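This report looks at how the parts of one structure pack together. The sequence and the structure come next.

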Amino acid sequence: MYNIQSDFIDEQKVWDVLAENKNPDFSRIREVLVKAAEMKGLDLADVAILTNISDPSMLAELFETANKVKETIYGKRLVIFAPLYISNLCANECLYCAFRATNKDIIRNSLSQEQIVKEVEVLIKQGHKRVLMVAGESYPNQGFQYVLDSIKTIYSVKSGHGEIRRVNVNIAPLSTDEFRLLKEAGIGTYQIFQETYHRETYSKVHLGGKKRDYNWRAWSLHRAMEAGIDDVGIGVLFGLFDYRFEIMSMMQHIFELEKQFGVGPHTISVPRLEPATNSNLASHPPFPVSDIDFRKLVAIIRLAVPYTGIIMSTRETANMRRETFALGVSQISAGSRTNPGGYEEETEDDPSGQFSLGDHRPLDEVIHDVALMGYIPSFCTACYRLGRTGHDFMDLAKPGDIKLHCAPNALSSFKEYLKNYAKPETVNIGNELISKTISEMSGIARQRAEKLVQRVEDGKDDVYC
Ligand code: SAM
Ligand code: SF4
């Protein structure tokens with residue numbers, strides 16, 4: 001179907017296009033911003049121009065355009081999820097990660113299915129509906145079956161009013177046959193970060209284990225999509241190499257997936273290197289990304305692939321997270337722990353975690369804050385459960401129909417959170433926000449929102465369209 005021998009990351013081309021578009025004049029930048037505002041995406045040269053912006057007034061125009069595109073497509077919705085670390089066993093030697101095989105200073109742990117039940121119960125009681133299951137690249141005796149069993153376990157837990165309704169996964173690359181099993185297990189998105197697209201850097205920071213193989217990782221999303229997983233997530237670990245090079249290379253990856261499968265990634269993650277136990281590299285990133293460049297790269301991604309979700313984790317501080325909502329972020333994690341068993345233990349920044357967190361606030365505090373800013377926290381899982389994935393999701397998203405589904409569903413899932421889990425102060429702010437949002441809606445979207453929210457108020461849970 002596709003030629004696995006070919007290398008879809010063309011490093012020379014990235015450098016050439018960046019050089020050709022160095023020091024772009026204001027009129028050329030504005031041309032790209034006008035094109036971006038049409039929300040049809042950008043090509044490699046356009047992205048190069050935006051990455052080469054340095055003038056503060058042009059940067060302000062970039063942010064303004066990103067904000068408009070974000071508001072037009074996503075409105076005020078912010079999807080909420082929690083990571084669930086099931087194991088920190090790992091056979092690899094990624095120099096930036098606390099889980100790397102030779103690090104003796106963390107306690108190794110892979111959760112039993114009973115322990116996973118306990119973790120999931122804690123998350124459900126907080127109000128979560130979506131989890132991102134995460135593991136190092138080494139499984140206990142059952143091997144890959146451990147991953148499948150864990151997914152099954154997560155879906156099986158019912159507690160009080162809730163259950164986890166979508167399990168996304170971030171685990172090491174699999175074979176096509178294993179991806180088929182992952183699909184059968186009912187996952188939402190399969191997520192994997194290339195870390196760095198720069199081959200030389202990649203080989204310098206990955207010293208042992210299967211992860212040394214750049215191509216096995218780079219082609220993993222082809223295998224996942226071939227196996228029928230429609231929603232895949234990509235990402236770069238920013239700080240390992242020049243962020244301009246990384247965004248341009250990530251665009252090549254996106255174009256390649258679009259060419260082969262007719263649809264690009266469902267989400268893009270933008271982790272920045274954070275300190276990790278015993279990692280000199282994580283504490284001293286070779287290419288640190290400043291806060292301003294970080295905001296810039298979020299805005300560029302928003303304009304380059306307007307319909308792809310952007311995920312911001314709790315690696316970042318509450319302030320940085322707040323600032324990037326306006327620039328394009330559409331999904332955030334909240335109340336996270338990155339050590340297996342961390343939810344039950346209630347540890348805050350356990351040295352056995354994968355890296356340090358920037359935002360330690362519990363879920364309700366984040367929801368309270370987000371709602372105060374006028375954003376609607378969404379726990380919606382409707383698209384995936386109704387089979388609106390891959391092409392179907394993009395077909396729904398592209399003409400702007402997202403407003404007819406996602407906006408009402410976000411409101412009803414938020415209402416469900418307020419009804420069942422929120423603290424009184426959050427309930428007040430949330431209810432006010434829901435009424436205000438509905439009053440600003442019109443037509444079918446408003447009718448749907450009113451109806452769904454009313455059904456939740458009447459006692460029904462899990463209502464969506
Ligand atoms: N072990 C699998 C892998 O490496 O693909 C999957 C899970 S890994 C625990 C998830 C991601 O955490 C990695 O892809 C990497 O980008 C990120 N990560 C590792 N160390 C980090 C650090 N010090 N700061 C920020 N993110 C880090
Ligand atoms: Fe293992 Fe993933 Fe950490 Fe690398 S990033 S050491 S593969 S858990």
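## Leu 62 and the cores

Leaving aside neighbours within four places in sequence, Leu 62 is in contact (heavy atoms within 4.5 Å) with Leu 33, Leu 50, Ile 53, Lys 296, Ala 299, Ile 300 and Leu 303.

Leu 62 also belongs to the largest nonpolar core, which has 127 residues. A nonpolar core is a set of buried Ala, Val, Leu, Ile, Met, Phe, Trp, Tyr and Cys residues joined through side-chain atoms within 4.5 Å. Buried means under 20% relative accessible area, exposed over 50%, and partly exposed in between, with a 1.4 Å probe and protein chains only. The residues with the most contacts inside this core are Leu 50, Leu 62, Leu 182, Tyr 190, Val 270 and Leu 297. Helix α11 (residues 243–261) gives the most to this core, with nine residues. Another core lies apart from it and has 21 residues, among them Cys 90, Ala 98, Phe 99 and Ala 282.

## Basis of the model

This is a predicted model: local features need pLDDT of at least 70, side-chain atom pairs count only at pLDDT 80 or more, and totals for chains, interfaces and linings use all residues. Residues are numbered from 1 along each chain as its sequence is written, chains are lettered from A and ligands numbered from 1 in the order in which they are written, and side-chain values use heavy atoms, with hydrogens and water left out.

## Helix α3, enclosed

Helices (H or I, at least four residues) and strands (E, at least two) are DSSP runs, numbered from the N terminus. Seven of the eight residues of α3 are buried, so α3 is largely enclosed by the rest of the structure. The buried ones are Leu 44, Asp 46, Val 47, Ala 48, Ile 49, Leu 50 and Thr 51. Their cover includes α1 (11–20), α2 (26–37), α4 (56–74), α11 and α13.

## α3 against α13

The axes of α3 (residues 44–51) and α13 (residues 291–304) come within 10 Å and cross at roughly 160°. That makes α3 roughly antiparallel to α13. Axes are lines fitted to C-alpha atoms, for helices over the stretch in contact, and angles run from 0 to 180 degrees between N-to-C directions. Angles under 35 degrees count as roughly parallel, over 145 as roughly antiparallel, 65 to 115 as roughly perpendicular and the rest as oblique.

Val 47, Leu 50 and Thr 51 of α3 make the contact with Lys 296, Ile 300, Leu 303 and Ala 304 of α13. By class, the residues of this contact are five nonpolar, one polar and one charged. Ala, Val, Leu, Ile, Met, Phe, Trp, Tyr, Cys and Pro count as nonpolar, Asp, Glu, Lys and Arg as charged, and the others, Gly among them, as polar.

α3 and α11 pack at about 160°, with axes 10 Å apart. They are therefore roughly antiparallel to each other. Leu 44, Val 47, Ala 48 and Thr 51 of α3 meet Tyr 243, Arg 244, Ile 247, Met 248, Met 251, Gln 252 and Phe 255 of α11. Eight residues of this contact are nonpolar, two polar and one charged.

The axes of α2 and α3 come within 10 Å and cross at roughly 120°. That makes α2 oblique to α3. Arg 28, Ile 29, Val 32, Leu 33 and Lys 35 of α2 touch Asp 46, Ile 49 and Leu 50 of α3. This contact has five nonpolar, no polar and three charged residues.
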